[in-house]
Amino acid sequence: MTTTHAPAPPIGKAAVGALGALAVSTGALESVVTPTLPLLQRELDMSPAEGALLSIVLLVTGALITPIAGKLGDRYGGKRVVVRLMAVVCAGGLVSALAPNLPVLLLGQVLQGAMVGALPLSFILVRAHLPAGESKVAIGVVSGLFVGGAMAGTLAAGPVAEGLSRHWMFALPTFAVIGATVLVHRLMPHDPPRRTDGAGIDWPGLVLLSGTLVTLMLVLGLGADLVAQPLVLLGLVVLLAAFGTGWVAVERRAASPMVDLRMLTRPAVGKSCVLTFLICVGTSAATYLVPQLFAVPADTYGFGASATEIGFFLLPGALAASLAGPISGIGVRRLGSRAVVTAGVLLMAVGLLGLAAAHTEIWHLVVGKALVALANGLCVTAMVTRTAASVDLGDTGIATGLVLVTRVIGFAVGVQVTGAILTAGTPSGSKIPAESAFVVGFVLAAAVTALSLLVVRTMSKGVKE
């Protein structure tokens, strides 16, 4: 039965500051793997494909948790759910810090993925406790602090891992998350459950989507290694088809589906999802390949960069990504979503092809990665804005959630495919992929990105269709 509860009590600057501290610390914890991935691969004796899996498992978990977290927040109150999710994140950070091997580290990253669901809930808390004008400012502050925390984590992870150990690079931001969670628990008042229609959580859909994503990652990551075992590979493909078919069937019949696939029949939403998938496949290639190329020994074709240096080299890309959102928003208002997406796609294709053609100097990689990061931010922000504006207000969360899941799948597919390309391109007895494997990865990503122009041509000029 639908119920309406009293409005949440107002909050002060201290409570908003606690949410900001939580955003900074979670942003730092989320970002430590990317600049240190080559170091982790060496210390844990991982193949490029296994490294690719490590780099995406947190995002995959987050895509599964986010819609569940929203419904739990409606049912039990946002503060209660945020604190419990952060308890899971803290446990994951400690598991990652103590991990002796890859399987345990993967478990820690899976648990840390709960942070992806907590951040949107913190925005909902701000809106529940503050007037509209103040809440917009507070959300902007919290968002900016999350980006700032991610940049700080990117820069600090390398020095901490090399100066102390890889264990401390997870432990230090985890301690910060624990402290920030305590502050949120003490300073943020409880918010009453919001209006709810009594619909339950789609647990069958969650289980089937989890199985689909995990099996997909196994097929993409292990496919090259399983060519010599065709029956095992065939079994995984059949299992993937079964999970995927079952998930689609369940979601189409569920009263309150985890992901409402019926939204895909709406042209604006369907095109946004296709574009988001293709663009994120292209983005993921640069995200994964550039740090790997930085770490290739200098006596071959690489630069022998340390984790500290890699974090520094990746900072311009992080800055470009942080600027892309506001730039895209202004562009959509003035020129329309199609113009912004077209510009972003062309910019990304140029960046990827540039990385394939010229990667003999550090600045080649820095500029190419920054172009791809800027282009991705332009496109994804425009897609989310366009999707939100093309549906009714009550369907906004469902439609944008579908884009979020598509984004994570595209990123995961791209990273796993490029990881498999590097693994296949590593000569027997060597741990260094052939330079041609990087070129193939960049060119393939550019080709996939360029394909999205075929979809962009069918978009309307404005935000709505």
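This is a predicted model: local features need pLDDT of at least 70, side-chain atom pairs count only at pLDDT 80 or more; totals for chains, interfaces and linings use all residues.
The largest cavity of the structure is lined by Leu 19, Leu 22, Ala 23, Thr 26, Met 86, Met 115, Ala 118, Leu 119, Ser 122 and Val 142. Two helices, H1 (13-31) and H6 (114-129), each contribute at least two residues to the lining of the largest cavity. In its composition by class, this lining comprises 8 nonpolar and 2 polar residues, with no charged residues.

The second largest pocket has a volume of about 460 Å³. Its lining consists of 19 residues, and those nearest the centre of the pocket are Gln 41, Arg 42, Met 46, Lys 431 and Ile 432. At least two lining residues are supplied by each of helix H2 (33-43), helix H11 (267-295) and helix H15 (396-424). The largest share, 3 residues, is that of H2. By class, the lining of the second largest pocket is made up of 10 nonpolar, 6 polar and 3 charged residues.

Helix H2 is itself mostly covered, with 8 of its 11 residues buried. The buried positions of H2 are Val 33, Pro 35, Thr 36, Leu 37, Pro 38, Leu 39, Leu 40 and Gln 41. After H2 comes Asp 45, which has a positive phi, near 55°.

At the level of the whole chain, the secondary structure consists of 16 helices and 0 strands. The protein chain contains 465 residues, of which 51% count as buried. Among contacts in the chain with a separation of 6 or more, 81% are accounted for by residues 24 or more positions apart. The accessible surface of the chain amounts to about 19600 Å², and carbon and sulfur atoms make up 70% of that area.

In soluble globular proteins, nonpolar side chains tend to be buried together. In the present model, the largest nonpolar core has 115 residues, and Phe 294, Val 341 and Phe 442 have the most contacts inside it. Helix H11 gives the most to this core, with 12 residues. H11 also supplies at least two residues of the lining of the second largest pocket. When neighbours within four places in sequence are left aside, Phe 442 is in contact with Ala 285, Ala 286, Leu 289, Val 290, Leu 293, Leu 352, Leu 355 and Ala 356.

Leu 107 is located in helix H5, which spans residues 102-112. Because its relative accessible area is 47%, Leu 107 is classed as partly exposed. The C-alpha atoms of Leu 107 and Leu 54 are 9.8 Å apart in space, while the two residues are 53 residues apart in sequence. Leu 206, in turn, belongs to helix H9, formed by residues 203-222. The relative accessible area of Leu 206 is 15%, and this residue is therefore buried, the cut-off for burial being under 20%. Leu 206 and Glu 251 are separated by 45 residues in sequence and by 9.7 Å in space, C-alpha to C-alpha.

Terms used. Residues are numbered from 1 along each chain as its sequence is written. Side-chain values use heavy atoms; hydrogens and water are left out. On a 1 Å grid over the protein atoms alone, a cavity is a set of points where a 1.4 Å probe fits but cannot get out, and a pocket is an open set with protein on both sides within 12 Å along at least five of seven lines; lining residues have an atom within 4 Å of a point. Helices (H or I, at least four residues) and strands (E, at least two) are DSSP runs, numbered from the N terminus. Ala, Val, Leu, Ile, Met, Phe, Trp, Tyr, Cys and Pro count as nonpolar, Asp, Glu, Lys and Arg as charged, and the others, Gly among them, as polar. Grid points are joined across faces, edges and corners, and a volume is the space filled by probe spheres set on the points. Buried means under 20% relative accessible area, exposed over 50%, partly exposed in between (1.4 Å probe, protein chains only). Contact means heavy atoms within 4.5 Å. Accessible areas come from the Shrake-Rupley method with a 1.4 Å probe; for residues, only the protein chains shown count as cover. A nonpolar core is a set of buried Ala, Val, Leu, Ile, Met, Phe, Trp, Tyr and Cys residues joined through side-chain atoms within 4.5 Å.
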